[in-house]
Amino acid sequence: MRMITYEDEGVSLPDKIDVAVLGAVRQEVKNLLETLENRRTVSLIGDTFTIGRLRGRILLVGLTGLGKVNAAIASAALLQRFKVEQVWSIGCAGCYSEGPLRVGDVLVAQEVLFGDEGVLTASGAHSSREIGIPIFSRGNEAFFDSIPEDPLIGRLREKTPPGQYHHMQGTAPKAVFSTECGTSSAGSFQLAYGPSLCVGMASGDREIAERRFLRYGAFAENMESSGVAQACLRFRTPFVECRGMSNNAGDRNKLNWQMERAINNCHAIVMSWL
């Protein structure tokens, strides 16, 4: 593989990244970082990203920080610097109690919905489509309230179709799956494909979460995916969002959260793609 040397950093880096895997906080990518072989680090806009090899692919793994603005900045800087074949945004999310997912389940986004853009009035929120101003335009395409499914999702769905999976204990993040296990089996979780809502402020109570579900019909909410997706859209780079459900949206009592379980199940799906 041809290498490019960045003299300002004193390291040699590949000229192409097969997959860039991004999380908001270290816990969301820690297991993947530890599996990388021949790890090297690179500094980019003040943050450190790790590049290594995993199962024959060159991966870049790093953190965006909290929120969609940080996520967009980090993603754009990354895509400007490297030739990236595809970007995966992974981590945790809060599932809506009225939707089909429960804590521990995994969502792959078919559509990334914008939860904050538009106009807020006393009568409610009005989307950017309603005011006639797109979030992003390219040629004859105009993107208002969402970013639709990338064709890459269809190929990944063939590897991991929606359904019930079993995560064998002691193998994380390298998981063994069975689509025949029941929902009550220890270590089992549901994998779903559906809409994901990105917001600047997470739901603070059950009432707000219920309102958001009724308005958007999303399966879960997070705070970074639209920033990463929009950067990828501008750079014409395939984008995937995969998140484990760590809590119910609106539940701010962290004693109820199951982040480790959610991340392990998310990583199991990601590792199966690799």
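This is a predicted model: local features need pLDDT of at least 70, side-chain atom pairs count only at pLDDT 80 or more; totals for chains, interfaces and linings use all residues.
Together with Val 69 and Ile 73, Ile 45 makes a nonpolar surface patch of about 290 Å².

From the surface I would like to turn to the largest pocket, which holds about 480 Å³ of space. Its lining comprises 17 residues, and those that lie nearest the centre are Gly 115, Asp 116, Ala 125, Arg 215 and Tyr 216. If you follow the lining by element, you will find that β10 (106-114), β11 (119-121), β12 (124-126) and α5 (206-216) each contribute at least two residues, with α5 giving the largest share, namely five.

Next, the helices. Where does Cys 232 lie? It is found in helix α6, which covers residues 225-234, and because its relative accessibility is 1%, under the 20% cut-off, Cys 232 counts as buried. For those of you who like to look at contacts across the sequence, Cys 232 and Leu 79 are separated by 153 residues along the chain, yet their C-alpha atoms are 7.8 Å apart in space.

Finally, helix α7 runs through residues 259-273, and its 15 residues reach 21 Å from the first C-alpha to the last, close to the 21 Å expected at 1.5 Å a residue. How many of the 15 residues of α7 are buried? Eleven are, so that the helix is mostly covered, and the buried ones include Asn 264, Asn 265 and His 267 as well as Ile 263, Ile 269, Val 270 and Trp 273.

Technical notes
Residues are numbered from 1 along each chain as its sequence is written. Side-chain values use heavy atoms; hydrogens and water are left out. Helices (H or I, at least four residues) and strands (E, at least two) are DSSP runs, numbered from the N terminus. The expected span of a helix is 1.5 Å times one less than its number of residues. Buried means under 20% relative accessible area, exposed over 50%, partly exposed in between (1.4 Å probe, protein chains only). Patches are made of residues with over 30% relative accessible area and no salt bridge: like charges are joined within 9 Å, nonpolar side chains (Val, Leu, Ile, Met, Phe, Trp, Tyr) within 5 Å. Accessible areas come from the Shrake-Rupley method with a 1.4 Å probe; for residues, only the protein chains shown count as cover. A salt bridge is a side-chain nitrogen of Lys or Arg within 4 Å of a carboxyl oxygen of Asp or Glu. On a 1 Å grid over the protein atoms alone, a cavity is a set of points where a 1.4 Å probe fits but cannot get out, and a pocket is an open set with protein on both sides within 12 Å along at least five of seven lines; lining residues have an atom within 4 Å of a point. Grid points are joined across faces, edges and corners, and a volume is the space filled by probe spheres set on the points.
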